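Have the viewer open as you read.

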Amino acid sequence: QVQLVESGGGLVQAGGSLRPSCAASGSIFSINRINRMDWYRQAPGKQRDLVASITTSGGTTSYADSVKERFTISRDSAKNTVYLQMNSLKPEDTAVYFCFARTYATNTYWGQGTQVTVSS
């Protein structure tokens, strides 16, 4: 019912910035019922970890300790899009970044991921 498409990843030098986005499309009914959207990341050989989250009601955000003060999650309700502003990037931030959404009915959706590579 909902498709999530990430974009905006790429290659950047350490200390640089990227702003990947996650656009939701599909059922308007389902999109309107999304109550939380997250960014996860998975580096080669490692587990998929939660990076940041935002609630659609109230816009409450939370972050993994490793990205606090560097990453900012935001949303544009009119565009059904969530962004992840990543500043002061480090090589250890290199990973595939996945968008995740959950509805009030606890339905969940995953994007296909966008590659972020940070060189030293």
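Is Asp38 buried or exposed? Asp38 is buried, at a relative accessible area of 1% (buried is under 20%, exposed is over 50% and partly exposed is in between, with a 1.4 Å probe and protein chains only). Its salt-bridge partner is Arg36, with the closest N and O atoms 2.8 Å apart. Arg36 counts as partly exposed, at 25% relative accessibility.

Before going on, a word on the ground rules. This is a predicted model, so local features need pLDDT of at least 70 and side-chain atom pairs count only at pLDDT 80 or more, while totals for chains, interfaces and linings use all residues. Residues are numbered from 1 along each chain as its sequence is written, and side-chain values use heavy atoms, with hydrogens and water left out.

**The overall fold**

The chain has one helix and eleven strands (DSSP runs numbered from the N terminus: helices are H or I with at least four residues, strands are E with at least two). Along the sequence, the order reads β-β-β-α-β-β-β-β-β-β-β-β. The radius of gyration is 14 Å, close to the 14 Å from the globule rule for 120 residues, so the chain is as compact as a globular protein of that length (the radius is taken over C-alpha atoms, and the rule is 2.2 Å times the number of residues to the power 0.38). Along the principal axes, the C-alpha atoms fill a box of roughly 45 × 25 × 25 Å.

Of the 120 residues in the chain, 39% are buried. Among contacts (heavy atoms within 4.5 Å) with a separation of 6 or more, 51% are between residues 24 or more positions apart.

**Salt bridges**

Side chains of opposite charge can pair when their charged atoms come close. Here a salt bridge means a side-chain nitrogen of Lys or Arg within 4 Å of a carboxyl oxygen of Asp or Glu, and the count comes to four.

| Pair | N to O distance |
|---|---|
| Arg36 and Asp38 | 2.8 Å |
| Lys68 and Asp65 | 3.2 Å |
| Asp93 and Arg70 | 2.7 Å |

In the Lys68 pair, Lys68 is partly exposed at 40% relative accessibility, and Asp65 is exposed at 64%.

Arg41 joins Arg70 and Asp93 in a network of salt bridges.

Where is Thr117? Look in strand 11 (residues 114-119). Thr117 is partly exposed, with a relative accessible area of 28%. Thr117 and Asp93 are 24 residues apart in sequence, with their C-alpha atoms 7.4 Å apart in space. Neighbours within four places in sequence aside, Thr117 is in contact with Gly10, Leu11, Val12 and Thr94.

Finally, check a couple of backbone angles. Glu69 isn't a glycine, yet has a positive phi of about 75 degrees; Glu69 lies in the loop between strand 6 and strand 7 and is exposed at 81% relative accessibility. Asn80, another non-glycine, has a positive phi of about 50 degrees. Asn80 is in the loop between strand 7 and strand 8 and is partly exposed, at 30%.
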